[in-house]
Each structure stands twice: as structure tokens, then as C-alpha cells.
Amino acid sequence: MTTTQPLIRRSGPRRGTLRIGTRVAVPFHVSAVVVGLATLVLLGVAAAATLTMGRLGIELADIPSVLLGEATGKDAFVFDRLRGPRLAVAIATGAAFGLSGALFQSVTRNPLGSPDVIGLGAGAGAGAATVALFLPDVVPASVGALLGALLAMGLVYVSTGTGFRSPGRLVVAGIGVAAMATAVTQYVVYAVERDKASSLAAYVNGSLAARSWDDATVIWIVLLGCLPLAALLARPLTIGEMGDDLSTGLGANPGRTKTAAVLLSIALSAGAVSVAGPIAFVSLTAPQIAKRLTRSTGPQLAVSTLLGALLLVAADLAAQQLPLFDDLPVGIYTMAVGGAYLGYLLVREWRRQPA
């Protein structure tokens, strides 16, 4: 009689294989599993801190009943209207950005690559700004952001001459589109009234304030819909990192894999910016931190997804609780972290070069 019990076997010092029956064999890195579990624990701690800290915080002992829908009074108001939707949006948005960056960096084979580089975030900001200037109170900023992101990606697609198949052309075209979109955003912020400009600037920098359960539903649907597709791309992307010639020899189709990965990366980022604005650097830093922590080859999609969620939840916790600044958009904190990370990369590369 054939067993269907999952069986885990070590196939090397840092690798293992999860076997289910006789036909399913899923390879994994032991280090990636350890890092993923540790990230989940830290994410749980950060989520609990988001709900409990501050003047309106929920008591830690009351969180289980709150999550089960049994809260009343202040706790119900805080969870249902203030912190619950914001936390749910932060987790899914960070995860979407992290997964999007891992897909994009795997395709471009560039540690500084992310959907931000090809103008998606800048296009989203320009779309939100344009709607605020010409269609105020008619079209929501989130819809404008989504349309702007899609328009920017359309321009990049046409500008490259090869669609999304050439990573080099993709980055060059994206930089140009991002510059034009940023110019549009800056003009609108200058042209609109001061009150509108303040709220628009917060959205353009990326903000999780005043989010609703509807926003959480949108981004969770996008994330859960894209996760199975990303899982299907994991093996072709790992093979693709060996080079196009070798991956073709192994039966993969590198051109089709690159196009699918870029499209999936764009879908994840577009969904994220539609609910939270163009939050910078999460998609850049999460995949690189994942690679350095796991010390493993391949795109590390799962760990990048979890680290993206952790980074954004931690940044939003700082935005809510740090006493130095009031209501500072979460995107400002991610920019600070991303800038420090870029500085670290530059110093590291400089030290590697011979004198």
C-alpha cells in the first residue's frame, strides 16, 4: 500500500526535499525554512505591538477575543476602524511588494532592480496627482494611482521595442518614464490648493492611514491570486539565473519566464499602490535581505514575501508610535531604511574594488 504521508529528507547540508506520496517532491533550503519561521514570529510580534501599543492600544490578553469578533466598546472601535484594517493592509501590501521585488530582481539579475526602477511607483503617484487636480471628488486617488501605474507600464512596454523580454531596455525605459511621471506629480503638488497638496503628498509618499476593510480585501485578493502563479515560476526562475543558454538547454523558456515574471511583478505592485500609494524601497530591500539571511541561491520568493510584510508592518509601527513626528507617512520611513541600505551596498562594493 502506497503512503501519502509527507516525508522530509535531507539531501545535503543545507537542502531538503518534501515528498508527498511517490510523485510529488518539493526541494527546499533548510536555511530558508529557518529564516521564514523566524520572520513569521517577528511579524506576529510586530502585529501584536501594532494593536496594543499607544493610548488606544488593546490589552494583549484581549487580542484573542478581538480577533474572534467578540470585542465590544473601545476595543471593537479600535480594531474595526483604526488599527485592524491598517494592519491587514500593511501585511498584504508589504508581502506584495516583497514578492514583486524578488520576481523582478530575479529576471533582471540586478540587486538594485525593483518595480520602482521602471516607473511603476512614479506612474502611480502621477495618476493620483492628476485625478486630484482635474477630477477631485469624482475619481478616488486609489483608482487614479492604479490607472497611472498601468499607463506607465504601457509606455515602458512600447518604449523598449521588445516588450518585457529585455531587462536592460526595461530599466532604461523605466527610468525615463519615472522621470516624466515625477515631473507631473511635482507640478500638480505645486498647482493644487495647500490643503489638498498636503493630503496628496502623503498619498504620493505612501501612507496606510485611514485604510478600510475594503482596502484590505482588495490587496489580499491580489496577493492570494498571485501567490500560486509565483510558486509555478519559482523553478523556472531558479534555472533562469544560471543563464539563458543553460536554461534553454534544460528545457526552460527564458523569454516566456521573464515576461510572465515581470507581468506578475507589475500586477502585485499595482495592487499594492492602489491601496497604499507608491511606498518606496520595500520591493528593493526585502529580496536582498532574504538572500543575505538565507545564503541560498534562487529568487527566495517565500522569504522575500514574509520579509516585505515584516518591513512594512515595522515601518508603520514606527510611523504610529514614534513621538518625534506626528502622522508622518509610512513611505518616509521606508525611504530612510532604503536609503541606508543603498549606502551600505555602495560602501560594500567600494571596499570590494582593488585599490
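1. Leu-37 lies in helix H1, where helices are DSSP runs of H or I with at least four residues, strands are runs of E with at least two, and both are numbered from the N terminus. At 52% relative accessibility Leu-37 counts as exposed, the classes being buried under 20% relative accessible area, exposed over 50% and partly exposed in between, with a 1.4 Å probe and protein chains only. Together with Val-33 and Leu-40, Leu-37 makes a nonpolar surface patch of about 260 Å². Patches are built from residues with over 30% relative accessible area and no salt bridge, like charges being joined within 9 Å and nonpolar side chains (Val, Leu, Ile, Met, Phe, Trp, Tyr) within 5 Å.

2. On provenance, this is a predicted model, in which local features need pLDDT of at least 70 and side-chain atom pairs count only at pLDDT 80 or more, while totals for chains, interfaces and linings use all residues. Residues are numbered from 1 along each chain as its sequence is written, and side-chain values use heavy atoms, with hydrogens and water left out.

3. Helix H1 covers residues 30–52, and its 23 residues reach 33 Å from the first C-alpha to the last, close to the expected 33 Å, a span taken as 1.5 Å times one less than the number of residues. The buried residues of H1 include Val-35, Gly-36, Thr-39 and Leu-43. Just after H1, Gly-54 adopts a positive phi of about 90 degrees.

4. The whole structure contains 2 salt bridges, each defined by a side-chain nitrogen of Lys or Arg within 4 Å of a carboxyl oxygen of Asp or Glu. In one of them, Asp-316 pairs with Arg-86, and the closest N and O atoms are 2.8 Å apart. This pair links distant parts of the chain, since Asp-316 belongs to helix H12 (residues 301–321) and Arg-86 to helix H3 (residues 73–108), 230 residues apart. Both Asp-316 and Arg-86 are buried.

5. A salt bridge also joins the side chains of Asp-75 and Lys-74, at 3.5 Å from N to O. Here Asp-75 is buried at 15% relative accessible area, whereas Lys-74 is partly exposed at 42%.

6. For the chain overall, there are 13 helices and 3 strands, and buried residues make up 45% of the 355 residues. Of the contacts (heavy atoms within 4.5 Å) with a separation of 6 or more, 69% are between residues 24 or more positions apart. The chain exposes about 18100 Å², with carbon and sulfur atoms supplying 66% of that area, as computed by the Shrake-Rupley method with a 1.4 Å probe; for residues, only the protein chains shown count as cover.
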